[in-house]
Amino acid sequence: PISIEFQDAPITDAQLYDICKHAFKEPLALEAKLETQTDYIKRVKNMITVSDKPAWINTAPEEQLKDLINQGETAVLLYGPPRTGKTRAIDKVFGRNTEDRCTIQLHEGWGYENLIIGLYPKADGSGFAWKEGALVEALNKGKKIIVLEEVNRTHLSQALGEVFSLLESAYRGKEYAITLPNGKSLSIPADTYFFF
């Protein structure tokens with residue numbers, strides 16, 4: 001039978017020992033053991049189940065990326081200080097030289113006309129003509145992995161314009177196509193991955 005009692009102060013070590021000693025057939029024997037600082041640190045680290053460090057530190061970036069892809073994510077933003085392995089993680093999952101991959105390096109001068117579509121002077125000087133930007137060209141070529149490097153250097157929502165909403169997996173496919181300023185239709189296939 002279990003007896004529950006309440007008291008105003010926490011129980012002492014002696015009281016706790018008295019409560020627990022009845023759970024064992026033989027009396028408990030205490031033994032002092034001297035251990036090195038290295039052994040102590042190793043033992044304590046093995047007991048800790050929750051790290052005070054961010055979860056991403058405990059997992060390789062490419063494994064996290066694979067997990068996101070396996071969960072159905074098709075547009076992933078990798079962020080962190082320079083030289084911390086963001087592009088390397090993408091390279092390990094999708095090789096840099098694969099035919100289906102296109103890497104577009106952005107900079108602060110890039111806008112809608114560079115990424116989506118813009119009006120440019122004709123070579124013969126007879127006016128202006130529409131020219132598709134790097135992202136639309138990649139989509140038209142059927143690229144399945146599109147890496148937009150250094151998105152923090154441009155105003156991405158301005159550079160993508162109405163195409164921004166098509167990045168979401170819920171708005172993929174021809175039924176969600178938009179009309180670009182040149183009158184052509186643009187949609188993003190469901191199996192196209194974007195990494196920013």
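Visitor: Does Tyr176 count as buried, partly exposed or exposed, and at what relative accessibility?
Guide: This is a predicted model. Buried means under 20% relative accessible area, and exposed means over 50%. Tyr176 falls in between, so the class is partly exposed, at 36%.

Visitor: How are the rings of Tyr171 and Tyr176 arranged, stacked or edge-to-face?
Guide: A pair of aromatic rings is described by the distance of the centres and the angle of the planes. The centres of Tyr171 and Tyr176 are 5.4 Å apart. Planes over 60 degrees apart count as edge-to-face. The planes here stand at 85°, so the pair is edge-to-face.

Visitor: What is the arrangement of the Tyr193 and Phe195 rings?
Guide: Their centres lie 6.5 Å apart. Planes under 30 degrees apart count as stacked. The angle is 15°, so this pair is stacked.

Visitor: Is Phe195 buried or exposed?
Guide: The cut-off for buried is under 20% relative accessible area. Tyr193, at 22%, counts as partly exposed. Phe195 has 1%, so Phe195 is buried.

Visitor: Which residue forms one aromatic cluster with Tyr193 and Phe195?
Guide: Tyr193 and Phe195 are a stacked pair. The cluster also takes in Phe94.

Visitor: Which charged residue sits over the ring of Tyr120?
Guide: The charged end lies 5.4 Å from the ring centre. A charge sits over a ring if it is within 6 Å of the centre and within 35 degrees of the ring normal. The residue is Lys131.

Visitor: Which residues make the nonpolar surface patch of about 480 Å²?
Guide: Phe6 is one of them, in the segment before α1 (13-20). Phe6 has a relative accessible area of 79%, so Phe6 is exposed. The patch is made by Ile2, Ile4 and Phe6.

Note on methods
Residues numbered from 1 in each chain as written. Predicted model: local features only at pLDDT ≥ 70, side-chain atom pairs only at ≥ 80, totals over all residues. Heavy atoms only, no water. Patch = residues over 30% accessible without salt bridge, like charges linked within 9 Å, V, L, I, M, F, W, Y side chains within 5 Å. Areas by Shrake-Rupley, 256 points an atom, 1.4 Å probe, with all protein chains shown as cover. Salt bridge = Lys/Arg side-chain N within 4 Å of Asp/Glu carboxyl O. Helix = DSSP H or I, 4+ residues; strand = E, 2+ residues; numbered from the N terminus. Buried < 20%, exposed > 50% of the residue type's maximum accessible area, 1.4 Å probe, protein only. Phe/Tyr/Trp six-rings, centres within 6.5 Å; stacked < 30°, edge-to-face > 60°.
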